[in-house]
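Subject: Structure handover

Hello,

Here is the structure you asked about. Please open it alongside this email; my notes follow.

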Amino acid sequence: MRTPAETAPNRPAAAVNGLPLQVAVIGAGPSGCYAAQALRKGQPDIEIAVFDALPTPFGLVRYGIAPDHQGAKAVSRQFERLFGQPGVAFVGNVSVGTDVSLEALLENFHAVVLATGLGTDRRLGVDQDPDARVIGAGDLIRLLNSDPDARLRHRHAGPESLGSEVVILGTGNVSADVARLLSKSDLDFIASDVDDDALRAVAPNPVRTIHILGRCEPHAAKWDASMVKELAEIVGVHLNVDGVPLLGEPTASARTTVNVRFQHVPVSVRRLDGRVRVTTRRAGDSALVDHLDADTVITAIGFDPSPAQSAQFGGVEASNVFRVGGPATGRLGNLAENRKLAADAAKGVLEFLRGQEPLHRTGLVGLRDRLPASVVSFEAWQRIDGAEVRRARPDRCRTKFTTRDELLAAAAGSGALVSIPTATPEAIDTTGEVK
Amino acid sequence: MTVVHVLYGTESGNAEMVADDIAAAFGDQGYETVTAELTDVEVSDLAAMQIAVFVSSTYGEGGLPETAAPFHDALLTERPDLSGVRFAAFGLGDSIYETFNNAIETIRTALLELGAEQIGTTAKHDAASTTPATELADAWARELLTLMPA
Ligand SMILES: Cc1cc2nc3c(=O)[nH]c(=O)nc-3n(C[C@H](O)[C@H](O)[C@H](O)COP(=O)(O)OP(=O)(O)OC[C@H]3O[C@@H](n4cnc5c(N)ncnc54)[C@H](O)[C@@H]3O)c2cc1C
Ligand SMILES: Cc1cc2nc3c(=O)[nH]c(=O)nc-3n(C[C@H](O)[C@H](O)[C@H](O)COP(=O)(O)O)c2cc1C
């Protein structure tokens with residue numbers, strides 16, 4: 001096996017006049033945080049600033065992973081440790097491309113890593129009435145996770161009830177998350193941080209009937225078997241797969257019935273008498289057509305890899321710009337995949353930096369005049385964090401703030417929005433090793 | 001001087017953080033420590049280790065994480081004689097799964113079968129609990145230190 005000396009970088013990347021190398025990461029979701037973590041493990045004296053458009057770090061760990069799956073959200077503890085280190089800064093509430101330009105980052109950092117994720121649900125792409133009630137699973141989960149920017153929160157009517165019968169399109173883990181959140185009773189949310197107000201707005205009572213439609217055959221479904229099992233095991237939920245109960249006939253009457261149907265390919269979504277009609281045909285036999293009427297259709301068919309994201313940065317192709325997660329693969333991926341991708345990207349960044357005769361770059365310090373006053377530092381985020389945990393109702397682990405104003409007020413806490421800490425040059429000796 | 005090897009298998013990095021903590025706890029007591037992901041460890045290196053601390057999460061239906069599975073396969077194929085090796089075991093899992101913390105049991109069973117001796121108790125962190133893994137790791141490592149040869 002490799003000794004510590006062997007796993008350490010072959011040689012430290014050159015520091016300039018004793019000043020460390022500076023890397024900017026755009027996006028404080030798991031991809032960005034894992035990349036920063038791997039960069040620091042590979043080169044402990046590197047200075048990293050992680051920018052996020054939101055006032056809060058952790059991306060979809062906070063606003064995507066289901067609020068009743070706190071275990072999966074616990075990876076944020078790794079990232080808290082990362083931001084606790086001198087030389088790693090969270091620069092929240094700064095949208096790169098809007099509040100500060102990518103060019104400004106390139107002027108101040110030796111390398112830039114784009115880790116902006118995929119922000120939008122993939123659209124269905126079938127014949128669809130524009131006013132039919134179709135919402136994206138990502139948008140719905142953001143709402144239930146208290147994302148201040150959740151699209152459903154900002155419709156002029158506000159979030160409204162999904163009705164008592166919904167169709168979910170897609171058979172991946174996100175589809176299972178949505179079905180589970182809409183079928184649970186209040187008691188099932190103990191110790192979660194679900195946005196109770198939002199949940200009761202979209203589902204005043206657990207939804208009575210949920211149809212999950214998949215295009216593929218059952219064995220090809222993308223969800224983990226454990227996710228389906230978890231759904232079927234909720235007390236009061238009865239789950240059928242292609243008409244067959246998954247766990248045998250229920251003893252009590254069902255609060256929510258979930259019908260999973262495979263090999264149903266959607267062909268159109270129409271508005272009909274205030275409801276939605278989903279027309280599907282059988283995979284492999286286009287003559288077999290089915291209609292399903294419901295109050296709302298929820299699409300859970302992945303996230304949009306379209307160039308909206310890269311357009312944000314004008315499709316930059318500089319040798320010191322790296323991509324990780326969605327911007328690299330076009331897929332949102334899960335934590336494990338993104339951790340691996342981030343480790344690879346970090347290797348690429350370090351190789352690049354070691355192969356360069358680096359210019360003088362001052363990192364965040366050089367950018368300070370150009371950042372908006374309302375920057376949220378990691379310390380300020382910790383104030384938000386503390387306030388959310390303190391204000392939680394007894395049976396919830398946290399009650400999140402749901403607007404940017406509230407988040408920024410909590411960030412300001414007692415003091416003003418504090419400045420961003422960076423490692424002092426004295427902490428690094430002339431060989432570039434951290435003491 | 002006793003060298004403590006902290007060997008981890010992970011998918012989303014929690015086990016790596018725990019491994020770092022355990023290594024730090026031993027380092028603080030003057031032990032030399034080596035931390036490595038199981039993908040970087042050869043089964044043949046194991047017999048020469050005095051103390052090996054295994055840290056692993058569980059995936060799938062009670063399976064080993066991707067970075068630990070090849071190591072376990074190799075253990076079962078190569079079957080090195082591990083008498084003389086002392087090991088400790090720390091698992092990470094989530095009690096929403098029926099196969100709670102199965103992977104560390106799988107690793108433990110293989111090591112015991114090959115003659116290694118376990119020291120301390122097997123820790124089983126539950127991600128669904130409110131205790132952070134690092135907190136459990138610190139407490140567990142401290143207890144383990146009391147069982148170490150002087
Ligand atoms: C409902 C749901 C449940 C999930 N559950 C799990 C699970 O249980 N386990 C699992 O492994 N994975 C799960 N995932 C997947 C997981 O969330 C993703 O793999 C992961 O979040 C992707 O990380 P990322 O950093 O690439 O993107 P994101 O998490 O989306 O982070 C991107 C960040 O970039 C920021 N950003 C974007 N543009 C800019 C800009 N111009 N300037 C500054 N910042 C910007 C965004 O604000 C965001 O914070 C789930 C996903 C969803 C949607
Ligand atoms: C897809 C998936 C499957 C899992 N399966 C199990 C399991 O069978 N048993 C268990 O105890 N934990 C299971 N877990 C929980 C993980 O072991 C737990 O989250 C752990 O903290 C992850 O550690 P890591 O970051 O080191 O990989 C699973 C997690 C995921 C995402």
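Two strands pair if DSSP finds at least two bridges between them. Helices (H or I, at least four residues) and strands (E, at least two) are DSSP runs, numbered from the N terminus. This is a predicted model, in which local features need pLDDT of at least 70 and side-chain atom pairs count only at pLDDT 80 or more, while totals for chains, interfaces and linings use all residues. Residues are numbered from 1 along each chain as its sequence is written, chains are lettered from A and ligands numbered from 1 in the order in which they are written, and side-chain values use heavy atoms, with hydrogens and water left out.

The sheet

Chain A has an open sheet of five strands, in the order E3-E2-E1-E4-E16, with parallel pairing. Its edge strands are E3 (88–92) and E16 (321–323), each pairing on one side only. The twist averages 20 degrees from one strand to the next. (Axes are lines fitted to C-alpha atoms, for helices over the stretch in contact; angles run from 0 to 180 degrees between N-to-C directions.) Strand E4(A), residues 111–114, runs parallel to E16(A) and is joined to it by three bridges. There, A:Val112 stands opposite A:Val321.

Helix packing in chain A

Helix H2(A), residues 30–42, lies across strands E1(A), E2(A) and E3(A), at about 180 degrees to E2(A). Contact means heavy atoms within 4.5 Å. The axes of H2(A) and H13(A), residues 335–354, come within 8 Å and cross at roughly 45 degrees. That makes the two helices oblique (under 35 degrees is roughly parallel, over 145 roughly antiparallel, 65 to 115 roughly perpendicular, and the rest oblique). Residues in this contact include A:Tyr34 and A:Leu39 of H2(A), and A:Ala342 and A:Leu350 of H13(A). By class, the contact has eleven nonpolar, three polar and two charged residues. (Ala, Val, Leu, Ile, Met, Phe, Trp, Tyr, Cys and Pro count as nonpolar; Asp, Glu, Lys and Arg as charged; the others, Gly among them, as polar.)

The interface

Here 30 residues of chain B are in contact with 22 of chain A. The chains bury about 1900 Å² between them, 47% of it on carbon and sulfur atoms. (Buried area is the accessible area, with a 1.4 Å probe, that two parts lose on being put together, summed over both.) B:Ser12, B:Met17 and B:Asp40 lose the most area on the chain B side, together 23% of what that side buries.

Best wishes
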